[in-house]
Structures are given as C-alpha cells and as structure tokens.
Amino acid sequence: AIGSTTFDHIIVGGGAAGLVLAEKLSRNSSVSVIVLEAGFTTDDVVPALFSTFIGNPTIDWEFVTVPQPHVSNNVISLPRGKALGGTAAVNGMYFVRAASKEYDGSLNYTFRKKLHRLTFAQFPAWEKLGNPGWNWKTVDANIKAMEHFTPASPSDAANFHATDSLQNHGTNGPISVTYSNYWEPAPLIPAYFNTSNALGIPTNTHASGGSTFGVWQSPCAIDAKNRSRSYAVNTFLPAAEKRPNLVVMTGAQVTKINLLPEAVSSGNIRAGGVQYIINNATQNVNVTATGNIILTAGTYQTPKLLELSGIGNSTILKKNGITPRVDLPGVGENLQDHYATSVSFQLKDGLGPEVGQLTVNSTFFAEQFQLYLTKREGPFASVPATTLTMIPFQTFINATRLASLKASLDNSLKAFKGSPFEKQIAIQRNFLEDPSVPQIELVMLPLNQDPSVTVDPSKTYMTIAAVYLRPFARGNVHIASTDPLQNPFIDPNYLGITEFETGIMAEAVRFITDKIATTKPLSDLIVKTFNPAPGSSDAALQKFVQSTLQSSWHPCGSASMLPKAQGGVVDPNLKVYGTDNIRVADASMIPLEIGTHTMSTVYANALHAADVI
Ligand SMILES: Cc1cc2nc3c(=O)[nH]c(=O)nc-3n(C[C@H](O)[C@H](O)[C@H](O)COP(=O)(O)OP(=O)(O)OC[C@H]3O[C@@H](n4cnc5c(N)ncnc54)[C@H](O)[C@@H]3O)c2cc1C
C-alpha cells in the first residue's frame, strides 16, 4: 500500500525510459509504483539552451571515458542528464526513428532475399537476434503513441524542407513534436540541400516512415504552441503524479539492489528491494512478493547497479571484493556509442546572423531572448540545427577504397569468431551491403565548432559534423570500486577496429572538405575551410580524426536484450537472467545500436516494456 515502504514496482531512475514506464504501469490503480531519481526537477525548457547543461554538475553526471588508445589517448566527455526526465530533460530534442530494417529487417525482406540470396544471409536486427515482438512495427506504433505531431508551416516546408507526412506520426500522444522555425542564415539550408542533391543524395520527405536515406529536417520534441521542450515532466507526469498509486521521489540515488539470501524454487535470485541515499541518509524500500525492481538508470549506471549488487562477471565482482550472486558475464559489455568529428567553415559576408552569434554577441543574445520571452520566436524557440543527412558508405567512398576498407574490416572481425557477439557482428556486417541502411550521419550546424578558431562576431560560420552510426568495436562499462557514488570506468573503445573505423571517418571528412564544400551552390557561400585543409592526405585525415573524435551521446547495449549465450543480460521480457524480478528497460537493453538519435526509440521501448513486464 502507498504510504508504506513496499511497492509492486520500484523504478530506479526517472529518466526517459523510467517516467514513461511509471506512467503506463500506474494506469492500473491496483498496482503501486515508486520512481527513485537521483536528480531534481530542472526547468531547462528553452530549446536552444539545451547544451548549456554540459559540465554543470547539478544536472550533468559528467562521465568521462578512460583514456582512448585509438583516439590519441584522449579522455572524452560523456554528458548525461541528472534530473527528473533524465537526459531527455536536457538533450537536443531530435525526435527521429531509425530505418525499419534496423529493428526487424522485415521491409522488402522477401524481395531482397530473392534478389541477393547468395550475399545476404539474413536481414537484421533486434527481433532476429532472438527477441520476438521487438521490431519496427512495435517501435513505430509506440513512437506514434508517444507523439503529438504538428507539421511545419507551409512556407517552412517549402523553403527549408521541413516535410514529413502526417501518416508517419502520431497525433494523440503526450510528447509534442514539431519542426524548428528559425532557419537563419536563410540561404544556407536551400544551398545545402541542392548541393547534397547534386552529389546524389536525395531529399527525403518522409524520413520517419522507415527509410532514413537522404537529406532532411529532423522534427524535435518542441511544443508547437509555446515553443518549449516537450518531455515527461511538463506533459504526462503532472497528471500521473496525482494518482494515489504513483510516488516519484527526487534526490534519491539508489546504491544497491537488496537480494534475498535464498534462491527461489526456480533457482533464481530474488530482489527484496533497494537501498538509496536521500539527504545523505541511507533508506530502504521493499518490493511486494510479486513485484519488480526495474532499472532505468541509463547505459552507464544500470550495469553499475547490477554489479554493486552482486550480478555480473564473477571475476570483475571478486576483483572488487563483491561476492557474486549471479554470474552474468554480459553485464557492462557490448557497449556501443555513436561518435563524431566535424569541419567548420567561414561563410561569405552578408548572409546574416546565425545562432553561434548567441555565444559571442551579448546584445544579440539579449534581444533574441526577449523575443523568446515575449513572442516565443527567434533562435531560442528552436533547436538551432536540424538538417540531417543519412548516407551509406557507397555514397561517399569510391568502390576500390571501400573494397579495401572492407577487406581490412573482415580481417579484424575474425577476432569475434567464437565470441558471444559473433551473430550480431555478422548481422551488422551485412548492413554494409545494403545501401538503403545508412552508416554515416552528417549534421549541418550554422555555427563554428572548431575550437582553434577565434570567432569574429561580424562573420557567419557553418559546421558539418560526421557521425559514425554503427561502429563495430565493442566497449564496456564496469564499476571502478564498491563506492556507489563513484562514476564507473567507461571504455567505449572508440575506433577500436582501428584501420577500418579511422579510415571510414577519414573518408567522411574528405567528403565534407573535398566534395560538399566544393560543390555548387553551397561552395558559393563558403570563403574558408578551417581544419583539416581541403585535399588533405589519408594520413593527415586519419590524424585529424584521431585527435578530434568526440562522443555523439547515444550509448546502448551494456545490459543487452539477447540470448544469454550471445552475451545477453535480459530476456525478451526484460528480466535479468538468473533473477526472479529484476528488469532493465532503458537504453542499455538495446542490443544493436540504431542508426539514429535514440530518445524516441527509448520512449517506445519503455511503453512496450510496460506490456511485457
Ligand atoms: C547532450 C546529449 C544530447 C542528446 N540529444 C538527443 C537528441 O537530440 N535526440 C535523441 O533522440 N537523443 C538524444 N540524446 C540521447 C537521449 O537523451 C538518450 O538516448 C535517452 O535519454 C536515454 O534514456 P535512458 O532512460 O536510457 O537514460 P536517461 O534519460 O539518461 O535516464 C537515466 C536516469 O536515471 C537517473 N539515475 C542514474 N543512476 C541513478 C541511481 N543510482 N539512482 C537514481 N537515479 C539514477 C539519472 O539521473 C537519469 O535521470 C542526447 C544525449 C545527450 C547526452
């Protein structure tokens, strides 16, 4: 009963997944639910201010990688939201889906199989990895259930390609989704689209419909009426919190799952509750005899909690002085993340202000902020950069070079033979033969991002970032000690398949400097390419990649939903192997990285999780 310290479901982490799950589970008034969230409510709802949370310890966990040997030994920043709403309370708000094949492979499967029987063993992905029901149909239906889509104005659709058909979107869900409506400098976006088209990249007018190939504008989780961030805390949570069967506690950091001393009759271990710290005091909350502990603490902290509680690779646990209760070697492994590097340009004079001016011109900032407060207009009312391009390697790497990179890859992939990840790596490898599944994302931002450039407030800048959507190298995340307040060791193993992955990123940078920037009409707007210089050698490009690589913030896989023999941590009902009532429902359960931004998929998975738990 509510008021006591016993609940049917204890949800650990009130982030993107946790709050969706809490809302749906608590629709059943006979079930009691508590959410324990380490952070507090933040009112960071002005869209363009999203990135200011990075490095603010009150709302950023401020994780970092261990030194990355293939990235000049750099320690790379990994921001994550420490707030009610989680990283969705502070993130970039793109609200996008991956290609349908990435979830299940059903689209055109039969047709393509007939055509390519010899080359395509099997199309991906999650469902075919052993997870019935986790497919495009479910993800798409659940994303639609989450969203309330408002199309762009006809002029924004016509001038800036903010187009997608209503049939690809939901219109009755809690999260408002619409397009940006600030497009300055106005000539840039049409020029960028035209140049992309000239290079064989089509404009995609339906990128939420299962095919992401092409250049398009990303919809964002912005409320079309008041132009603020739309997320759990200002949408469905206020009403859900009024339910007598739902308790949401902030400032409560869970430190351990309390496992019962004896296994249940199935031989599995059962959790009796969790321990958490609030106001510097340790408290306990218990779970009912049929209840669940559901971990939604995010990709870096869900495995940490499992390990602190005695669930994980016995060798790692023993090394840290923890008695293993469930030997589960997949915990903390299979970590995958997107990574990126970028090239910045100075544009010709007279194009007008871009959003980068907000950081260097205090008068412009004050004017535009006032405009936001009074009229909900201007750059603050939008995510400043939503022009995305999703392309396969075939679009930008010539056939000979691609063949040699693939030969190198195949040689490196031999290391996975006999490993638990062999099947998913084979599936991932097959993607490279299917040009309809993009491998690289380009993000065009109307601002400078090159740290070596001193920005001149009278000038206009542009950046094109290249994001690698599906690295082959696998990383890991494990506890650094038994101190629950210490951040874990995070090793994403960036560029771990070094020759191939560095080579791919170098080719992406070359495409930006030597093709996109030199093709009309965009080339007419560019006066200077900063780093690297156009026409750079392979060696110079690879060095550039290795010295500038950053996370692109979409980690997943550290508690993968996979068969146990394939390195799995949870089954398709999200139950942790060897346990009776511990589940995982956040981004860490995604077994194979998706080629897009992860928030809407995490929301969708959490809705589906409520059905299978
Ligand atoms: C800078 C940045 C920009 C991004 N931009 C986009 C974007 O534009 N579009 C997009 O689709 N995706 C974006 N993402 C990714 C997206 O935000 C994540 O995929 C999503 O939030 C993951 O959801 P989650 O529930 O797994 O984790 P989170 O949303 O991070 O939630 C985890 C929650 O658990 C809490 N927690 C952790 N440990 C404990 C503990 N021990 N006890 C209690 N609470 C705990 C955390 O405080 C947090 O609230 C971005 C990410 C970053 C970092």
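Predicted model: local features only at pLDDT ≥ 70, side-chain atom pairs only at ≥ 80, totals over all residues.
Residues are numbered from 1 along each chain as its sequence is written.

**View 1. Overall architecture of the protein.** The secondary structure comprises 17 helices and 22 strands; these are DSSP runs numbered from the N terminus, helices being H or I of at least four residues and strands E of at least two. The C-alpha trace spans about 70 × 60 × 45 Å along its principal axes. Buried residues account for 55% of the 613 residues, a residue being buried if 20 or more other C-beta atoms, placed from the backbone, lie within 10 Å of its own.

**View 2. The shell around the ligand.** The ligand is surrounded by 39 residues, of which the closest are Gly13, Gly15, Gly86, Gly92 and Met599; a residue is near the ligand if its C-beta atom, placed from the backbone, lies within 6 Å of it. Helix H1 (16-25), strand E2 (33-37), strand E9 (252-259) and helix H17 (599-612) each contribute at least two residues to the shell. By class, the shell has 17 nonpolar, 18 polar and 4 charged residues. Ala, Val, Leu, Ile, Met, Phe, Trp, Tyr, Cys and Pro count as nonpolar, Asp, Glu, Lys and Arg as charged, and the others, Gly among them, as polar.

**View 3. Positions annotated as "binding site".** The unreviewed UniProt entry applies this annotation to Thr87, Val254, Trp553 and His554. These positions are spread over 468 residues of sequence and also in space, up to 23.3 Å between C-alpha atoms. UniProt annotations may be inferred rather than shown by experiment. Threonine 87 is buried because 27 other C-beta atoms lie within 10 Å. Beyond its neighbours within four places in sequence, threonine 87 is in contact with Gly15, Ala16, Arg80 and Gly81, contact requiring C-beta atoms, placed from the backbone, within 7 Å. Histidine 554 is in the loop between strand E21 (550-551) and strand E22 (582-584). Histidine 554 is also buried, with 25 C-beta neighbours inside 10 Å, and touches Asp337, His338, His597 and Thr598, residues up to four places away in sequence not being counted.

View 4. Since 5 of the 5 residues of strand E15 (residues 387-391) are buried, the strand is largely enclosed by the rest of the structure. Thr387, Thr389 and Ile391 point one way, and Leu388 and Met390 the other way. In a regular strand the side chains alternate between the two faces of the sheet. E15 pairs in the antiparallel sense with strand E7 (residues 214-217) over 4 bridges and with strand E16 (residues 440-445) over 5 bridges; pairing requires at least two DSSP bridges between two strands. Threonine 389 stands opposite valine 215 and has leucine 442 as its bridge partner in E16.

Technical notes. Buried ≥ 20, exposed ≤ 12 C-beta atoms within 10 Å, placed from the backbone. Contact = placed C-beta atoms within 7 Å.
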